[in-house]
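Please examine the sequence and the three-dimensional structure shown here. The paragraphs after them are intended for a reader new to this structure.

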Amino acid sequence: MDDVDYVIVGAGSAGCVMANRLTASGRHRVLLLEAGGHDARMWIKIPLGYAKTFADPTLNWGYVTEADDGLAGRRIYWPRGRVIGGSSSINAMAYVRGQPRDFEDWAAAGATGWDWPAVQDAYENMETRAMDASQAGSSGNGPVWVQDLSDQMHAFSRVFLEAGRSAGFPLVEDMNRPGADGIGFYRSTVRRGVRWSSADAFLRPAARRANLRVVTHAQVTRLEFSGAQVHGLAYMRGTQMCHVRARKEVILCAGAINSPHLLQLSGIGPAALLKAHGIEVRHDLAHIGQGLQDHLAVSCQFEARAPTLNSLLGSPLGRLRAGLRYALTRQGPLAVPVNQVGGFVRSTPQQAAPDVQLFCNPASRRGRPHRQGGSGPSAWLSLVRAAVPPDQSRTCADRLGILARCACDPAQFACNR
Ligand SMILES: Cc1cc2nc3c(=O)[nH]c(=O)nc-3n(C[C@H](O)[C@H](O)[C@H](O)COP(=O)(O)OP(=O)(O)OC[C@H]3O[C@@H](n4cnc5c(N)ncnc54)[C@H](O)[C@@H]3O)c2cc1C
């Protein structure tokens with residue numbers, strides 16, 4: 001049995017920050033447990049590797065939802081990182097600050113310390129904002145590297161922006177400025193051509209501290225109690241069951257799916273559900289495992305007349321050329337994430353604030369999302385929303401349709417599929 005001050009479950013976006021902050025004073029012993037392995041993997045580091053890690057079972061929990069009546073009975077693939085860095089090691093690297101309005105809503109609902117001025121300070125302290133090569137400068141001095149890669153983005157990105165502008169969406173120079181409402185180039189968590197995950201920003205600087213221990217391939221299976229209070233946990237490493245006691249706190253950073261799952265496995269959750277699975281009820285809490293929201297996407301693919309990433313990387317010679325360029329310069333198609341342009345727009349002009357997010361990729365993946373696309377030129381447009389009320393879905397689709405048609409500049413694009 002290990003004894004530490006804090007045990008953190010999960011070395012993802014949140015867990016890496018917690019590990020850094022809790023070990024900074026040197027006064028606390030901290031144990032960070034991660035179910036996955038190390039992140040020293042080529043396709044994690046290369047920004048375009050997103051297409052590979054999206055469904056790699058050695059890095060990904062690879063969940064699939066239950067069939068959903070609201071989605072014509074479809075089951076949706078749902079990736080989540082299972083590796084040091086968690087989902088920040090497999091995500092698409094688009095860096096977007098929340099809008100002031102989002103945080104003011106939280107503060108109004110009682111979340112003290114989450115009003116916009118407080119959160120804006122946190123963003124400023126957290127970021128280093130690096131300009132594109134033409135401006136070659138940076139502002140801020142924080143651990144999170146936010147890169148403007150607009151000078152390296154595929155030519156189709158500019159076609160998309162021009163099409164969006166002509167469809168009435170304002171162009172914004174930087175989506176991370178307050179009030180930015182329109183379309184533009186996404187900023188990316190990429191540094192010198194390499195993914196910059198939460199592990200890079202927060203865990204690596206803390207890793208040399210003697211009071212932090214990180215254990216990989218350690219899957220926490222349940223919390224352990226003294227009376228009504230959690231005092232530690234059990235985890236599996238290979239075939240070995242290990243126990244650890246926390247003198248101060250056990251901190252769950254296992255993500256939006258696994259944190260509530262772990263609570264339920266430990267007897268904290270809706271009593272009826274736990275009993276149905278033969279789990280002893282410790283705390284009957286109806287909300288554990290409820291109210292999850294994610295951003296559903298409607299994706300459209302287009303056949304293109306001009307080269308896209310599919311055609312550039314579709315042949316062994318193209319891949320060799322891009323690989324060499326990346327190895328020698330950390331530039332080229334491999335150095336830029338796929339989500340290059342998009343933005344936040346209103347589904348109808350009457351909306352008080354943007355309610356739809358757009359993504360445009362100069363590449364497509366055919367068939368199921370985790371299959372590789374073909375080698376013919378094609379591009380992908382996604383409309384993303386937490387939920388589309390039935391009465392608005394038609395309008396959203398129509399608006400996207402306008403945008404999609406504009407993007408089909410006949411000089412460059414053949415048709416919408
Ligand atoms: C494919 C994909 C693309 C995305 N693209 C973007 C994007 O472009 N921009 C953006 O801002 N966001 C994006 N996101 C979302 C963003 O990455 C996540 O919201 C964020 O990383 C979640 O952080 P977290 O700390 O809550 O969880 P995670 O980062 O997922 O961390 C949870 C960690 O806990 C570990 N864990 C889980 N259960 C256990 C257990 N029982 N025992 C031990 N360890 C456990 C997991 O293995 C994981 O490492 C994307 C996410 C995915 C999956």
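The account below moves from the whole chain to its parts.

The structure is a predicted model, in which local features need pLDDT of at least 70 and side-chain atom pairs count only at pLDDT 80 or more, whereas totals for chains, interfaces and linings use all residues. Residues are numbered from 1 along each chain as its sequence is written.

The chain contains twelve helices and 23 strands; helices (H or I, at least four residues) and strands (E, at least two) are DSSP runs, numbered from the N terminus. Of its 417 residues, 37% count as buried. A residue is buried if 20 or more other C-beta atoms lie within 10 Å of its own, exposed if 12 or fewer, and partly exposed in between, with C-beta atoms placed from the backbone. Among contacts in the chain with a separation of 6 or more, 60% link residues 24 or more positions apart; two residues are in contact if their C-beta atoms, placed from the backbone, lie within 7 Å.

Helix α1 (13-23) is mostly covered, as ten of its eleven residues are buried. These include S13, A14, G15 and C16. The buried residues of α1 pack against β1 (2-9), β2, α7 (198-207), β13 and β16 (240-252).

Two of these packing partners also pair with each other. Strand β2 (residues 30-33) runs parallel to β13, with four bridges between them; two strands pair if DSSP finds at least two bridges between them. In this arrangement L31 stands opposite R213 in β13.

Together with α1, β14 (219-226) and α8 (255-265) each supply at least two residues of the shell, and α8 gives the largest share, four residues. Of the 33 residues around the ligand, G10, G12, G86, N91 and A92 come nearest; a residue is near a molecule or strand if its C-beta atom, placed from the backbone, lies within 6 Å of it. By class, the shell has 16 nonpolar, 14 polar and three charged residues. Here Ala, Val, Leu, Ile, Met, Phe, Trp, Tyr, Cys and Pro count as nonpolar, Asp, Glu, Lys and Arg as charged, and the others, Gly among them, as polar.

Finally, R321 is found in helix α11 (residues 316-329). R321 is partly exposed because 15 other C-beta atoms lie within 10 Å.
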